Amino acid sequence: MLMLIQQETAATPSLPWWVMYVVLLGLTYGTWRLTKLAWWGGCMTALMSWVILLAIAVLTFPDHVLLVLWLPIVPAIAWVVALRRHHRGVSPRAEIAARFPRRTGQLPPQVMHGQPSARAVTRAKVMLDRFAAGMPRNAAFVARVRYVSGLGEMSARPVDLFMGGGSLWVAPLTADPPPVPIPARDVLRVDVWPEPEGPPTLRVNWSPPGAEGTRDLVLAAMGSVPQNLVTPQLEAIAGVLGGLIRAETEAAELAAQAPTSFIPPPDRACPRCGETVPPGATACPRCALPLKED
């Protein structure tokens with residue numbers, strides 16, 4: 001359509017029609033995306049788009065005043081549509097986070113050096129072996145650290161930490177050995193333990209049921225983490241891990257305290273007229289036939 005309109009223009013346009021087409025699509029899509037992320041960003045983009053499109057429209061269609069005034073409004077329409085969806089609580093951040101968390105939990109970006117993205121972890125082939133070993137498919141990736149000791153015969157190695165199904169999962173990067181679950185209800189403490197020499201370590205303290213004593217899961221920072229970021233990263237992981245464990249424990253407690261659903265007694269029918277008799281009634285509401293209570 002833009003091509004046909006430009007062909008009907010009497011004056012010689014300074015720009016071809018396809019320039020207007022490409023710029024219009026790009027600015028409209030950019031305004032829509034930025035508005036879904038932040039309304040003020042989309043507002044600024046829509047304002048700049050109006051100025052840019054107005055200038056390009058004048059150079060592309062010098063004889064069509066109405067078209068020149070209408071085309072710059074298209075990004076504003078995209079801004080309104082995206083703003084309404086943003087207020088409904090639907091945004092690209094929410095949609096992506098629901099399927100693939102973009103970062104490891106709520107770890108601050110400034111201490112994320114050396115940590116893989118959650119999307120890369122959840123799409124790895126080893127995840128199939130982890131699921132086969134019992135780890136739930138909706139388990140949330142927390143962080144990648146180096147395991148030191150505390151889990152039976154498992155040797156020191158890099159591991160991924162997950163939270164899901166009411167357990168903390170310590171999953172090695174290989175299929176063997178399988179991930180080890182620690183029930184969230186048994187976790188007593190998660191903190192950063194200072195060491196006399198070298199960087200601190202992350203410790204998960206838990207008490208297995210049956211009065212078997214208290215154990216420690218010792219985790220250290222990966223070798224790719226700079227020394228000045230080891231402590232902040234471990235403290236951030238401890239905070240995220242502690243929050244997820246508390247949330248899992250509270251959810252399990254609420255589920256256990258939830259009252260059982262009431263099952264109403266089955267309906268009775270009058271043996272004379274077949275009318276449904278309400279529970280607790282001693283006579284049929286239609287024919288007044290006396291009934292015995294069940």
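Arg130 sits in helix H8, which spans residues 126-132; helices here are DSSP runs of H or I with at least four residues, strands are E runs of at least two, and both are numbered from the N terminus. The model is a predicted one, in which local features need pLDDT of at least 70 and side-chain atom pairs count only at pLDDT 80 or more, while totals for chains, interfaces and linings use all residues. Residues are numbered from 1 along each chain as its sequence is written, and side-chain values use heavy atoms, with hydrogens and water left out.

With a relative accessibility of 2%, Arg130 is classed as buried (under 20% relative accessible area; exposed is over 50% and partly exposed in between, with a 1.4 Å probe and protein chains only). Its side chain makes a polar contact of 3.0 Å with the side chain of Asp160, and also reaches the backbone oxygen of Pro172 at 2.9 Å. A polar contact is a pair of N or O atoms within 3.5 Å, where within protein one must be able to donate a hydrogen and the other to accept it, and residues adjacent in sequence count only if both atoms are side-chain atoms. Beyond neighbours within four places in sequence, the contacts of Arg130 (heavy atoms within 4.5 Å) include Val121, Phe162 and Pro179.

Turning to the nonpolar core (buried Ala, Val, Leu, Ile, Met, Phe, Trp, Tyr and Cys residues joined through side-chain atoms within 4.5 Å), the largest one holds 33 residues, of which Leu151, Leu161, Val190, Leu217, Leu219 and Leu241 touch the most other members. Elements giving two or more residues to this core include strand E1 (140-149) and helix H9 (227-257), and H9 gives the most, with 9 residues.
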